[in-house]
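Q: I'm new to this one. Can you walk me through it, starting with the charges?

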Amino acid sequence: MKYFIVGFMGCGKTTWSRKLAAKWGYEFIDLDHVLEAKAGMSIAEYFSSFGEDAFRKLESQVLKETDYPENIVVSTGGGLPCFFDNMDWMKANGKTLYIKLSPKTLADRLENSKTIRPVLQGKKGDELVEFITGKLAEREDFYLQATNIVEGIDMSVEKLEEALGV
């Protein structure tokens, strides 16, 4: 089975995808890393060189053209489910799981993150919470189309398995 993990940046998609794959003996892919390898540069560099539209097209292409083994857990980019027919494609090709967190929790995590995130440049505190609240309002309708949803607070592999019905 293929599992696609979706959610806002900072919700723990990569961390929990990796842990789930390890527990099950499945392969793990972070689509952001696949995209960076294909582009030959970081997502931040690609974004600033070519803009968001080009990035979203490449991201969709990487999703649909990657050769997935039968048993895999895939960590997706935060915006990936919200563009083109990406969410429908993931649901047609596996199970999707949305890791849901509040804007405040996401802001706390992202403010302390070492990862460069182009869309968050210079945002801190209340401004960051406000930005995330707005972005989540735009994206949540897509995230909520996932076949499974889990509250991301007090996360564990067992909680993920329960949400997936495994």
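A: First the rule: a salt bridge is a side-chain nitrogen of Lys or Arg within 4 Å of a carboxyl oxygen of Asp or Glu. This is a predicted model, where local features need pLDDT of at least 70, side-chain atom pairs count only at pLDDT 80 or more, and totals for chains, interfaces and linings use all residues. Residues are numbered from 1 along each chain as its sequence is written, and side-chain values use heavy atoms, with hydrogens and water left out.

Q: How many salt bridges does the count come to?
A: By that rule, 9 salt bridges.

Q: What does Glu70 meet in a salt bridge?
A: The side chain of Lys2, at 3.5 Å from N to O. This pair links distant parts of the chain, as Glu70 is in the loop between H3 and S3 and Lys2 is in strand S1, 68 residues apart. Helices (H or I, at least four residues) and strands (E, at least two) are DSSP runs, numbered from the N terminus.

Q: Glu70 and Lys2, buried or exposed?
A: Glu70 is exposed, with a relative accessible area of 52%, whereas Lys2 counts as buried at 16%. Buried means under 20% relative accessible area, exposed over 50%, and partly exposed in between (1.4 Å probe, protein chains only).

Q: Which side chain does Asp85 meet in a salt bridge?
A: That of Lys64, at 2.3 Å from N to O. Asp85 lies in the loop between S3 and H4 and Lys64 in helix H3, so the pair ties together parts that are 21 residues apart in sequence. Asp85 is partly exposed at 39%, and Lys64 is partly exposed at 30%.

Q: And where are Lys104 and Asp108?
A: In helix H5 (residues 103-111), 4 residues apart, about one helical turn. Lys104 is partly exposed at 48%.

Q: Switching to rings. How many aromatic pairs are there?
A: The count comes to 10. Rings of Phe, Tyr and Trp (its six-membered ring) pair if their centres lie within 6.5 Å; planes under 30 degrees apart count as stacked, over 60 as edge-to-face and the rest as tilted. The rings of Tyr46 and Phe50 have centres 4.6 Å apart and planes at 40°, so this pair is tilted.

Q: Where do Tyr46 and Phe50 lie?
A: Both are in helix H3 (residues 43-65), 4 residues apart. Tyr46 counts as buried at 12% relative accessibility, while Phe50 is partly exposed at 48%. Ring pairs also link Tyr46, Phe47, Phe50 and Phe55 into a cluster.

Q: Which residues are buried in H7?
A: Val157, Leu160, Glu161 and Leu164, in a helix that covers residues 157-164. They cover an arc of only 100° around the axis, which puts them on the same side of H7. The arc is that of the directions from the helix axis to the C-beta atoms.

Q: What do they pack against?
A: Strand S1 (2-6), helix H1 (13-24), strand S4 (95-100) and strand S5 (148-151).

Q: Which residue does the "binding site" annotation cover?
A: Thr14, according to the unreviewed UniProt entry. UniProt positions are given in the numbering used here, feature names are shortened, and annotations may be inferred rather than shown by experiment. Thr14 is in helix H1 and is partly exposed at 25%.

Q: What is Thr14 in contact with?
A: Leaving aside neighbours within four places in sequence, Thr14 is in contact with Phe28, Asp30 and Ser75. Contact means heavy atoms within 4.5 Å.
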